[in-house]
Amino acid sequence: MSAEEASAGTEVSVVGKEEGEEQQVVNPWEVSAGKGGIDYDKLVDQFGCQRLDDALVARVERLTARPPHCFLRRGLFFAHRDLNEILDLYERGERFYLYTGRGPSSEALHLGHLIPFMFTKYLQDAFKVPLVIQLTDDEKFLWKNLTVEESKRLARENAKDIIACGFDVERTFIFSDFNYVGGAFYENMVKVARCVTYNKVVGIFGFSPEDHIGKISFPPVQAVPSFPSSFPHLFSGNDQLRCLIPCAIDQDPYFRMTRDVAPRIGYQKPSLIESRFFPALQGENTKMSASDPNSAIYVTDSVKEIKTKVNKYAFSGGQDSIELHRKLGANLDVDVPIKYLNFFLEDDNELEHIKKEYKEGRMLTGEVKQRLVTVLSELVARHQRARAQVTEEMVDAFMAVRPLPNMFG
Amino acid sequence: MAATASVGTEVSVVGKEDGEAAAEEQQVVNPWEVSAGKGGIDYDKLVDQFGCQRLDDALVARIARLTARPPHRFLRRGIFFAHRDLNEILDLYERGERFYLYTGRGPSSEALHLGHLIPFMFTKYLQDAFKVPLVIQLTDDEKFLWKNLTVEETKRLARENAKDIIACGFDVERTFIFSDFNYVGGAFYENMVKVARCVTYNKVVGIFGFTPEDHIGKISFPPVQAVPSFPSSFPHLFSGNDQLRCLIPCAIDQDPYFRMTRDVAPRIGYQKPSLIESRFFPALQGENTKMSASDPNSAIYVTDSAKEIKTKVNKYAFSGGQDSIELHRKLGANLDVDVPIKYLNFFLEDDNELEHIKKEYKEGRMLTGEVKQRLVAVLSELVARHQRARAQVTEEMVDAFMAVRPLPNMFG
């Protein structure tokens, strides 16, 4: 649609509602909000993607014959590009594949990192489709002060946490760029690169003339897994197979660019399904940072650490005293434990109950936090159990360049 | 060395003839453009601005001594005339250490002309003289990025060009030919990314003249041509030999790639490649004209028949002779602009005969027609030999040269 072509290359900025200009910046390397946090309506408007409405969620449910994932029910995956086309073709009995990824910049994954993978697993199970997962170790080498060996090692370590999310090895290909780039994948990188000017990437990504050419040449690397011909061992002869990309909305620029280029090189545009940002423990306006372990819950945290972090650092929307709280209730807009429960408490009814009781002052911060600690401890413990069972051989199996004969079965 | 000061310096020269013309003449020399001022390319100024060194007689003599054979005529005639750190290669060779050769071609057309053969003829001599391995890069990705070709077409051209290259007589036991679309990946790609991290957009603009309306394919290409200089790009060949030195024979317009490479190498723990560089091969119709695929009479092609060679030389080769025989006998020929003499300089092996022809022609005793006749004979022989060798190159031989395989006898 014209919206996204017009938006390709548009720098995202928003004039804030309070006095003084506030700019929100959303791109793959920077997410910073104005005073009121990220304005998702303005973001969707400027990016030119579409809101994922209840009708679409209901349609997903109907087509997959199972309840929609809580991330859909809760509006966490809230925006899309051409998801309806994927559902149309699926309804006609046609297939598609999934593509998601991770930039392996550290060993420590936090819960926010798991979101796209948890959702992608649901999509794989619900639609019974194959999945490619890209580990952009080259990107991390280019943006961070790492060695090639270190970024490759992190890619493999991160692959273990990804595998622990429960993907089907018969339908999933995990690859790291340093290992996989070449052949048809490289041909597609070069095809895309020929279609994007320096001016264009400056507009989309904000590069500058003092940036090194590694950064400037990276975007095609993240674009081309959208094209089935990049994976001849998987999709040979199926050049028009459609692709659906679950990702956080800060990745949208890569795929605006990809969708702009695709028809020019004879390929289908990928569809996207996009999530909001996962809030830092200390509040929406703070950053999760590897240098501050109390800014997030890590998949390696112990029950004790989770309890301490939630109790001490999770930003509360509750009032300062019990009396005030019973009188005024909690501010759900800023309360981080409620936001986390929104992501991770499966039971819709229980969540609604907690929200109502907390908002109206009958439930206290401590109780909400206690519930959250339980939910997160269970999630993290399950992940750690699954992670402990991932062997080097399993990583090799997921990363082997091999056909997936049962990928649509 | 001072060479690195030139990295990023735009090459431009104020022409000498600014007396009457009173206008600035700029010569431009980079991988995609070679244009001269009025007097042709000023090689002294070029060497000075690029920061490379002249290849002097002492160095040529040293090569002859170290290789125990006569130096190639391209060295004797000053056609390969400039270098970077060639002396370091000779030093290490003298100590009994090894190096490898790296050259390449951008496969933009099926038709190679004689100018295209120059670096390959010279590289074959170097391979034989020093008994060292050689990698040859076919930059099909570059041609895709700069020309309006499909990927399939550039890959096909790469294979076709490989046959002409093989016909130059390289040793399959010591030579790895690769095309980027086939070979990029693994350690080669890791090195591309390492190099790319060390070069800013501003830097490539300064070196190569890119602009913001250029596509990012062009901007990201230079590391691809840089990394064959590093032995770790070829783990199947040089595994464990990360500090192996590299010597690159090429035409001097390729120098910018390797100025950049030499600037980056120490920052990523690698050795700087050395270079040995040639002058440009003149177009048939004169130094100030361009060889162009769209004008078949601008060059002699390796596919030309003896008849075509004769016609082209007689009709189109720019002559420095006088307009009439009387004038010619009186004034003699202008060797500075005479293309047949320049071509004989490249292709007539016998130094004495060449000197004789030059003397006689310059002093008016030999006529243009006779010089051209000699040239036609020389070129016909060369082209015929090439065509015979080319006809014998099979698809299997191409596969053999291009196979990713170790070369166990590469230093033998």
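This is a predicted model: local features need pLDDT of at least 70, side-chain atom pairs count only at pLDDT 80 or more; totals for chains, interfaces and linings use all residues.
Residues are numbered from 1 along each chain as its sequence is written, chains are lettered from A and ligands numbered from 1 in the order in which they are written, and side-chain values use heavy atoms, with hydrogens and water left out.

We begin with the sheet of chain A. Helices (H or I, at least four residues) and strands (E, at least two) are DSSP runs, numbered from the N terminus, and two strands pair if DSSP finds at least two bridges between them. In chain A, 7 strands form an open sheet with the order 3-4-9-8-5-6-7 and mixed pairing. Its edge strands are strand 3 (50-51) and strand 7 of chain A, each of which pairs on one side only. Strand 3 of chain A runs antiparallel to strand 4 (residues 77-81) of chain A, to which 2 bridges join it, and A:Gln50 has A:His80 in strand 4 of chain A as its bridge partner.

What lies on either side of strand 6 in this sheet? Strand 5 (residues 96-102) of chain A runs parallel to strand 6 of chain A and is joined to it by 5 bridges, with A:Leu98 having A:Leu131 as its bridge partner. Between these two strands of chain A the chain passes through helix 6 (residues 111-127), and this β-α-β crossover is right-handed, a term which means that, with the strands pointing away from the viewer, the path from the first strand over the helix to the second runs clockwise. Strand 7 (residues 172-176) of chain A also pairs with strand 6 of chain A in the parallel sense, again over 5 bridges, and here A:Leu131 stands opposite A:Thr172.

Strand 6 (residues 131-135) of chain A is mostly covered, since 5 of its 5 residues are buried, that is, they have under 20% relative accessible area (1.4 Å probe, protein chains only; exposed is over 50%, partly exposed in between). In a regular strand the side chains alternate between the two faces of the sheet. In strand 6 of chain A, A:Leu131, A:Ile133 and A:Leu135 point one way, while A:Val132 and A:Gln134 point the other way.

Chain B also has an open sheet of 7 strands, with the order 3-4-9-8-5-6-7 and mixed pairing. Strand 3 (53-54) and strand 7 (175-179) of chain B each have a single partner strand, so one side of each is left without a neighbour in the sheet. Strand 3 of chain B pairs with strand 4 (residues 80-84) of chain B in the antiparallel sense over 2 bridges, and B:Gln53 has B:His83 as its bridge partner.

Finally, we turn to where the chains meet. The contact, meaning heavy atoms within 4.5 Å, takes 35 residues from chain B and 35 residues from chain A. The two chains bury about 3,100 Å² between them, 64% of it on carbon and sulfur atoms, where buried area is the accessible area (1.4 Å probe) that two parts lose on being put together, summed over both. In chain B, the residues that lose the most area to chain A are B:Tyr189, B:Arg197 and B:Ile216, together 26% of what that side buries.
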